Amino acid sequence: MLQLVLDPTSALPLSEQIVIGIRARIDDRVLRAGMRLPTIRDFAERHGVSRYTVVEAYDRLVALGYARSRRGSGFYVEGRPAPAAGTPARGELARIFASAGLLHRSMDESPNQLKVGLGWLPAEWYDEAGVRRHLRALSRQPRVKLTSYGSPQGYAPLREQLCVKLAEAEIPASPEQIVLTGGATHALDIIVRHLLKPGDCVFVDDPGPWNLFANLRLFGVNLIGVPRLPQGPDPAVLEALLGEHQPKMFFTQSVLQNPTACDLSPASAFRLLQLAEKHDFLVVEDDVYGDFHPRPPTRLASLDQLRRVIYVGSFSHTLSGNLRVGFVACEPELAASLTDVKIVTCLCSSEFAEQLVYRMLTEGHYRNYVQRLRERLLKTGARTLQMLERSGFTEFAEPAGGMFVWARAKGREDVAKLASQAAAEDIMLAPGHVFRPQLQPTPYLRFNVAYAQDPRLERFLSRAGGSAPAEV
């Protein structure tokens, strides 16, 4: 059954939204050649639009070669050639830049907007005073490089210190196996550039990080979503999908997964690695939220020992989004190749930022500071769960910690409309469809617990969710 998320408040015409949505599903092979599209009447009634709007959209799909009309029978999906190397199709670009627009709105510093949908902590939660103190001390050091380029693989002392940090998580690595990057986004970018090509198939968590999906689409990669359960990827669906597809990689998060805040169970981790070995695909483990976890969690890289797993970490969410320091840990040969890609695409990362992170790690600042963040997030998360329950929401699963809650409103299926209503009241929500590989509808939203204590949110959710407003 075809169900699109349409936004009547968007500046993009509804007919164009329909064209983009159907083209996306055809490009992703969700809709395959020969499949019959919904009748004009059924589509109009299901989506609450006029028949004229649907006719206009279907006619455009025919003109673009994505559909064909059979007199007296309806509209059918037209066969599409395999993606060619190069620039993504116009429909793909529309989705990619729609995601970029979402990030622009997230980073817009509107003082009155309540940004409950953000993927990072409020500025006041970070230790800016500590960063400034270490920054001043570092700038006075005579050997600090303030004007020259850094080394291609990254600041060697920080790579050595990361080996110590990874060893605490039972992930053995040498400095030669670590490549420093400009944050986790840059790390994932060089992995994709080196190991994937347009038309390749990859598996991703569904739901999962929307900015990763946009980046993969930019490279013309075919995304297949694996449903995410509280304990990890659905094993039955994963095995079934492996019978139909041959993925090059599986991008996943084992710890405090975005957006569900759930952990990978040991049984799920073992099964995933067994299937990766059997079907010969790599696993990219994105662990940007792991330092927020209150207990030692299961990590794929620990079980696999970096043979088939490529491990990605970052300090942007914990120390500062402005420092942009991340890293990749993998086999030595692959690390050398990724360093080459890094040189070609950006020469080097910021050694000054890397030295600052190294100083904060080695002088004991980071460990104590992150422990305080963990405790604050646990307390704030518990209050957020109580508030959402009062407002008529149910969580997907109890979060293991961290900054997110993935929850749905009882009896409400169209959270895109709820997000539009919130925007009218200067509240930024994160509707669940943006976290799905093909932007499929979902009744869930992602809440950032660090922003969820503002009374405006509970007043809005209680009113919009249908429950009586709570006293705040």
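Helices (H or I, at least four residues) and strands (E, at least two) are DSSP runs, numbered from the N terminus. This model is predicted: local features need pLDDT of at least 70, side-chain atom pairs count only at pLDDT 80 or more, and totals for chains, interfaces and linings use all residues. Residues are numbered from 1 along each chain as its sequence is written, and side-chain values use heavy atoms, leaving out hydrogens and water.

Q: What does Leu 347 count as at 46% relative accessibility?
A: Leu 347 sits in the loop between α12 (332-346) and α13. Its phi is positive, near 65°, although it is not a glycine. Buried means under 20% relative accessible area, exposed over 50%, with partly exposed in between (1.4 Å probe, protein chains only). At 46%, Leu 347 therefore counts as partly exposed.

Q: What does Ala 261 count as at 1% relative accessibility?
A: Ala 261 lies in the loop between β8 and α10. This non-glycine residue has a positive phi of about 65°. Most residues other than glycine have a negative phi. At 1% relative accessibility, Ala 261 counts as buried.

Q: What is omega for the cis peptide bond that joins Asn 258 and Pro 259?
A: Pro 259 is found in the loop between β8 (249-252) and α10 (266-279). The bond from Asn 258 is cis, with omega about 20°.

Q: How far apart are the end C-alpha atoms of helix α7?
A: The expected span of a helix is 1.5 Å times one less than its number of residues. Helix α7 (residues 184-195) has twelve residues, so it should span 16 Å. The distance between its end C-alpha atoms agrees, at 16 Å.

Q: Which strands stand at the edges of the open sheet of four strands?
A: Two strands pair if DSSP finds at least two bridges between them. The order is β12-β13-β16-β15, with antiparallel pairing. Two of these strands have a single partner each, so one side of each is left without a neighbour in the sheet. They are β12 (393-395) and β15 (430-431).

Q: Why is α5 called roughly perpendicular to α13, and at what angle do they cross?
A: Axes are lines fitted to C-alpha atoms, for helices over the stretch in contact (heavy atoms within 4.5 Å). Angles run from 0 to 180 degrees between N-to-C directions. Those under 35 degrees count as roughly parallel, over 145 as roughly antiparallel, 65 to 115 as roughly perpendicular and the rest as oblique. The α5 and α13 axes come within 10 Å, and α5 is roughly perpendicular to α13 because they cross at roughly 115°.
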